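Keep the sequence and the model side by side.

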Amino acid sequence: MKVEVPRLVIAAPSSGSGKSTVCCGLMAALAADFKVQGFKVGPDYIDPGYHTAATRRVSRNLDTWMVSAPRVKATFARAAADADIAIVEGVMGLFDGYEAKTETGSTAEVAKLLNAPVILVLDVGKMARSAGALALGYRDYDPALKVAGAICNNVASESHARWVTEAIEAIGLPVLGCLMRDPDLHIPERHLGLHTAGERADEVARFLERAGAIVRQSIDLERVWRIARSAPPMEADVDTPSYATVQAKIAVARDPAFCFYYEDNLDLLRLAGAEVAFFSPLNDAVLPEGTTGIYLGGGYPELYAAQLAANAPMRRSLRESIAAGLPVYAECGGLMFLTQYIIDLEGNRHEMVGALPGYSRMQERLRMGYRLVRAHRDTLLLPQGETTRGHEFHYSDWEERPADAPYAYEIAPRTGEESRPEGFACGSVLASYVHLHFDANPALAPNFVKACTRWQSGTPEGNIR
């Protein structure tokens, strides 16, 4: 399949430069008149939610460490097929990825894979002519990468804007616009990063409206279009979706407490023969009728712990379903929800489902990073010894976990590094702090659906045999 959609990548020297704000503003400004498809490099769940709100089209993740390059290109091609323009938000700094010696997993790798030009967002708040040196280094560091323009952020005054613009354009890189310093134009943050778009829809709408207006006033959108249209055609191997006959109904928890899902995971479950039925552990009393499997994704259960604890009917429904052998896959926040209780940062204890022994306690330290995953035993998703890739991002620990509770995985940051046991797999339950992208291993989604159909047909346990 030949992909000819205009496209560009928004990148920066580092996190905190303002690329998310610029990206959201640019999407909002263009989406008023065009079909804009958003993408996010890496494993982040939160930025795609803002893209989706800005464009009214579901944003997709492009992660070249967890997912193979051909599959990343196919994801891009499918999602952008009917769009007028595709905008890809980078991750961290332009060249930051899985390791120091290669570009694996970096924004630069994705930009080259997509034949997409790059626009740099530079925080020039504490520099003047040095902005030219910074731009020069990023433009020339990788000759195979096309850095086509810059946007200056955090500019103090009109004279400051002239200085940084002259310095950057002196090295031959066009400046597409300057955003003045605006302390109110930020996506609010908290202990696990940014607030999710779904938590505060009215405030998000106001933020996007303001960001879009500022972008229209401050950035030369015609030059942005010229850069996007300069992207050459890209070849991608895209399969025509062939949906299997519906064999299972998988209830997927989706509300402000459980909102971390890759849209591709849900699509792959549907392709494998699942009907995806959303439910809210915060608000619903029971699981959707006819449920044959449960997917509890990540999110912020600790922030909604009191409300989750108060919803005793849902917690009881989940306990009874698990006791009946219903297959359950729980990631990160989902694992926390299945423990006996959560202790939040204030030391308050909140009763949870109680399907797993021990409890979850919030910590001040963050555990994060990509993980190589090997199944320690047969699970809903993988048979013993099979591998996939995922990532961790959590502030909680699972405490008082019994020593004899069966682990799900052996995980390691890199090949050859020491691994450690992780997660829980027993009977029909698989729970882990590791987030998985189902496109990393083509067996993951079909195995889950098969486990659900076996339960429906009377097999007492959902694990792979």
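A residue counts as buried when its relative accessible area is under 20%. The model shown here is predicted. Begin at Ser-280. Its relative accessible area is 8%, so Ser-280 is buried. Ser-280 sits in a loop.

What lies 3.0 Å from a polar atom of the side chain of Ser-280? The backbone nitrogen of Asn-283 does. Leave out residues up to four places away in sequence, and Ser-280 still touches Arg-254, Asp-255 and Met-314.

Now turn to the aromatic rings. A pair of rings is described by two values, the distance of the centres and the angle of the planes. Centres within 6.5 Å make a pair. The count for this protein is 19 aromatic pairs. Take Phe-258 and Phe-337: their ring centres are 5.2 Å apart. Their planes meet at 50°, so the pair is tilted. A stacked pair would need planes under 30 degrees apart, and an edge-to-face pair over 60.

Other rings form a group. Tyr-261, Tyr-295, Tyr-329, Phe-438 and Phe-448 are linked by ring pairs into a cluster.

Two arginines lie over ring faces. Arg-389 is over the face of Trp-65, 4.3 Å from the ring centre. Arg-401 is over the face of Tyr-407, at 3.8 Å from the ring centre.

Step back to the whole protein. It has 13 helices and 26 strands. Along the principal axes, its C-alpha atoms fill a box of roughly 70 × 50 × 45 Å. For 465 residues, a compact globule would have a radius of gyration near 23 Å. The protein has 23 Å, so the value agrees with that of a compact globule.

Of the 465 residues, 59% are buried. Among contacts with a separation of 6 or more, 74% join residues 24 or more positions apart. The accessible surface comes to about 18,700 Å², and carbon and sulfur atoms hold 50% of it.

Technical notes:
Residues numbered from 1 in each chain as written. Predicted model: local features only at pLDDT ≥ 70, side-chain atom pairs only at ≥ 80, totals over all residues. Heavy atoms only, no water. Helix = DSSP H or I, 4+ residues; strand = E, 2+ residues; numbered from the N terminus. Buried < 20%, exposed > 50% of the residue type's maximum accessible area, 1.4 Å probe, protein only. Polar contact = N/O pair within 3.5 Å; in protein donor to acceptor, adjacent residues only side chain to side chain. Contact = heavy atoms within 4.5 Å. Phe/Tyr/Trp six-rings, centres within 6.5 Å; stacked < 30°, edge-to-face > 60°. Lys NZ or Arg CZ within 6 Å of the ring centre and 35° of its normal. Rg over C-alpha atoms; globule rule 2.2 N^0.38 Å. Areas by Shrake-Rupley, 256 points an atom, 1.4 Å probe, with all protein chains shown as cover.
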